[in-house]
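Thank you all for coming. I would like to walk you through one chain, from its overall make-up down to a few local details, so please keep the display in view while I talk.

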Amino acid sequence: MALKKALGRGLGSIINSGIVKAAAQPAKGAPQAKAQISVGVSSYGVFREVPIELVVPSKYQARREFSESEIQSLADSIASEGLIQPLIVRKSGENYELIAGERRLRACRKLGLKKVAVCVQSASDASSAAKGLIENLQRTDLNPIDAALGIASLMQNFHLTQDAVAQRLGKPRSSIANSLRLLSLPDEVRGFVASGLISAGHAKILTGIEDPAKVLILARAIIEKGLSVRATEEAARKVKEGAPRRSIEALQAGKASAAKEAVMRDIQNKVASKLHARVTLKQSGKRGKIVIEYIDNDDLSRILEILGVRV
């Protein structure tokens, strides 16, 4: 399927879904108007096909990273089915500044499209930034740090309070406050959160610790030892009470001991299954012993035969 045809079909499906047609043709004999690229209008905005080079990214984009594999997958979808959802833009001089849809724009550029379907809206800087952030927040792959940076940008650039941002984004004020607290974490820990090594739940607990060095110690323990949120809460409580290293090392030692016991039980069960007898493994340091129980002499002979011991 030609890309041009796919793009046209995508825009056509939008226009046919309740959008009023563009200005009617002039009456016969009336002077011909200049050719328009506007395709349709609605209360949502003006739908057009515009040269793709005129579409520029938003300066308020919250997302810092874009997955190339996702862009390629989206490009394949657009090549097959067309651009079903147009880019949301606003006029900026001769260009069209993105409000929402940078992934779609990147995919269209990857395909080498000359024109792209857009919906031109009238939006202030604050409204444009909020709409772009809302679209990103509605996607599950926007990491918590980028979301927090987007919220902080809204507040700083447009002098908004947390209440005002919460209202614009349709979120509880407590959610906005919790998100902003993530920005108080040390840079290295913020990197852990952004990359998904530490969950937002873990990060929320870490924000309650004032000493950055202690935060980093616990953050590394979360990753290295796979601490659960509940275990992290317990470790954080002990960190606040003092002796942070001993608290965390105790947790780590407990997890290591449990793992060792699990391995010993597994070995013990395998030997017992092999011999059909009760087996106990005992270890002290690097030394240990295996205790095999038998019922009588006949049972002992049976076990010795399995072990290949002749008497």
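This is a predicted model: local features need pLDDT of at least 70, side-chain atom pairs count only at pLDDT 80 or more; totals for chains, interfaces and linings use all residues.

How many helices and strands does the secondary structure of the protein chain come to? The count is 13 helices and nine strands, where helices (H or I, at least four residues) and strands (E, at least two) are DSSP runs, numbered from the N terminus. Residues are numbered from 1 along each chain as its sequence is written, and side-chain values use heavy atoms, with hydrogens and water left out.

Of the 311 residues in the protein chain, 36% are buried; buried means under 20% relative accessible area, exposed over 50%, and partly exposed in between, with a 1.4 Å probe and protein chains only. Among contacts with a separation of 6 or more, 65% join residues 24 or more positions apart, contact meaning heavy atoms within 4.5 Å.

Let me turn to the strands. Strand 7, residues 115-120, has five of its six residues buried, so it is largely enclosed by the rest of the structure. Strand 5, residues 87-92, pairs with strand 7 in the parallel sense over three bridges, and pairing here requires that DSSP finds at least two bridges between the two strands. Within that pairing, Val89 stands opposite Val120 of strand 7.

Helix 5 packs against helix 7 (residues 173-181) at an angle of about 110°, with the axes 8 Å apart; axes are lines fitted to C-alpha atoms, for helices over the stretch in contact, and angles run from 0 to 180 degrees between N-to-C directions. Pro144, Ala147, Ala148, Ile151, Ala152 and Met155 of helix 5 meet Ile176, Ser179 and Leu180 of helix 7. Against helix 8 (residues 187-194), helix 5 packs at about 115°, with the axes 7 Å apart, and there Pro144, Ile145 and Leu149 meet Arg190, Val193 and Ala194.

Finally, which residues of helix 13 (residues 297-307) are buried? They are Asp299, Ile303 and Leu304, and seen down the axis of helix 13 they fall within an arc of 135°, so they line one face of the helix; the arc is that of the directions from the helix axis to the C-beta atoms. The face turned away from that buried side carries the exposed residues Asn297, Asp298 and Glu305. At the start of helix 13, a side-chain oxygen of Asp296 reaches to within 3.2 Å of the backbone nitrogen of Asp298, and after the helix comes Gly308, whose phi is positive, near 80°.

Conventions:
A polar contact is a pair of N or O atoms within 3.5 Å; within protein, one must be able to donate a hydrogen and the other to accept it, and residues adjacent in sequence count only if both atoms are side-chain atoms.
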